[in-house]
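Biologist: Could you walk me through this model? I'd like to go through it bit by bit.

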Amino acid sequence: MNALGRAIAARIRAAGPVSVADFMAEALTHPRLGYYRRGDPLGAKGDFITAPEISQIFGELIGLWLIDGWQRLGQPTPVYLVELGPGRGTLMADALRAAKLRPEFLAAIRLHLIESSPGLRERQGTALAAAAPQWHEGLETVPAGPILLIANEFFDALPIRQFERTGEGWCERMIGLDDSGERFRWMLAPPTPAVEALLCEEEKSAPVGTVVEVSPAARGLAAVVGARVAAAPGVALIIDYGHDGEGHGNTLQAISQHARTDPLDNAGEVDLTAHVHFGALARAAATVGAETYGPVPQGDFLKAIGIEIRANRLCANAAPAQAEAIRSGVKRLIDAEEMGTLFRAMAITSPGFGPPAGFA
Ligand code: SAH
């Protein structure tokens, strides 16, 4: 066990088994040893690669999507442009470069970034220096006012709880220690009716053996975003891998150097994520008065906002090898077998905004 594993084990010895959410929170955001407190996890040499790191077109199209949203809001000035978990700042840098065609937009935006990793904050500062960003630990400290928000592969990093239906009722899946006290092991908490309050009707009637995931953090954040866009005009775009509620099951996964590993091993050294339950996010945002659209498959969303037109234009002026790279990047983003279907896009808007671009 590494140092973070030993810290979690000590907590279990003192206070009993921990929920998946507690384990994830320790593993990802422990102040000293958490995964997102370490260096840069992205890229070919890191653990995983994201859409903006695959193709510059991804961020460019989102830049045009943001301008379109701003225009539909009546071009409020200033407008808070907020990104949750900006990684290396690549998406936002590409978006702002594409937005140069609307200097009024660039003059109107105030860039606010929600980022917990000190190392990534530094990279974002370099990539986005021209826009003078301000950083926050959470959305709560971003000033109130008109808002454009984007989150790519952020919600999958938020802690989830897992519940399993047994013959005796719904039980929470917990993480404890085996007899040696040296290794983590899965166990079930006693059944409690309290779990059912967290589940929707369809989930409650699932057969014995079913695992259902609930992310209080993701639902809470969707409600905060919903309340913001309901109070001041605004629009938010959430892109991530996940489902609309149709796919139950255990989606907790650990990734290290582009390969899957055991989520209970090497805490803090591997990326822990779960699929995003978009249906639950939509319900949370709607509860506080916002409207939601989607989720739609990422491939459909990107095609609707012009990825193929943009790729053709770039390829027309590119050398053959460069054109090939552009096309293979786009294919990865939109192909059903690659990121086109598993990844989905959802929008949260002020009441009456109407369907944003790509959600018609
Ligand atoms: N959006 C980027 C990076 C995705 S990785 C891209 O598409 O490339 C997840 C990002 O969210 C990282 O920047 C990570 O440091 C940040 N992050 C993860 N959990 C967080 C939390 N609880 N609070 C703030 N930032 C978080």
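Biologist: Is Gly294 buried, partly exposed or exposed, and why?
Modeller: Gly294 counts as partly exposed, because its relative accessibility is 39%; buried means under 20% relative accessible area, exposed over 50%, and partly exposed in between, with a 1.4 Å probe and protein chains only. This is a predicted model, in which local features need pLDDT of at least 70 and side-chain atom pairs count only at pLDDT 80 or more, while totals for chains, interfaces and linings use all residues. Residues are numbered from 1 along each chain as its sequence is written, and side-chain values use heavy atoms, with hydrogens and water left out.

Biologist: Where is Gly294 placed?
Modeller: Gly294 belongs to strand 15, residues 291-297, where a strand is a DSSP run (E) of at least two residues and a helix one (H or I) of at least four, both numbered from the N terminus. The C-alpha atoms of Gly294 and Arg344 are 8.2 Å apart, although 50 residues separate the two along the chain.

Biologist: Switching to the ligand, how many residues surround it, and which are the closest?
Modeller: There are 15 residues around the ligand, with Thr50, Gly85, Gly87, Glu115 and Asn152 the closest; a residue is counted if one of its heavy atoms lies within 4 Å.

Biologist: Which ligand atoms lie by Thr50 and Gly85?
Modeller: For Thr50, an N or O atom of the side chain is 2.5 Å from an oxygen atom of the ligand, whereas for Gly85 a backbone N or O atom is 2.7 Å from a ligand nitrogen atom. Both are polar contacts, that is, pairs of N or O atoms within 3.5 Å; within protein, one atom must be able to donate a hydrogen and the other to accept it, and residues adjacent in sequence count only if both atoms are side-chain atoms.

Biologist: And Asp94, buried or exposed?
Modeller: Asp94 is buried, because its relative accessibility is 7%. This residue is in helix 5, residues 90-98, and its side chain makes a polar contact of 3.0 Å with the side chain of Arg97.

Biologist: How many aromatic pairs are there?
Modeller: The structure has six, where rings of Phe, Tyr and Trp (its six-membered ring) pair if their centres lie within 6.5 Å, and planes under 30 degrees apart count as stacked, over 60 as edge-to-face and the rest as tilted.

Biologist: Why is the pair of Tyr35 and Tyr36 edge-to-face?
Modeller: The planes of Tyr35 and Tyr36 are at 80°, with the ring centres 5.1 Å apart, so the pair is edge-to-face. Both Tyr35 and Tyr36 are buried.
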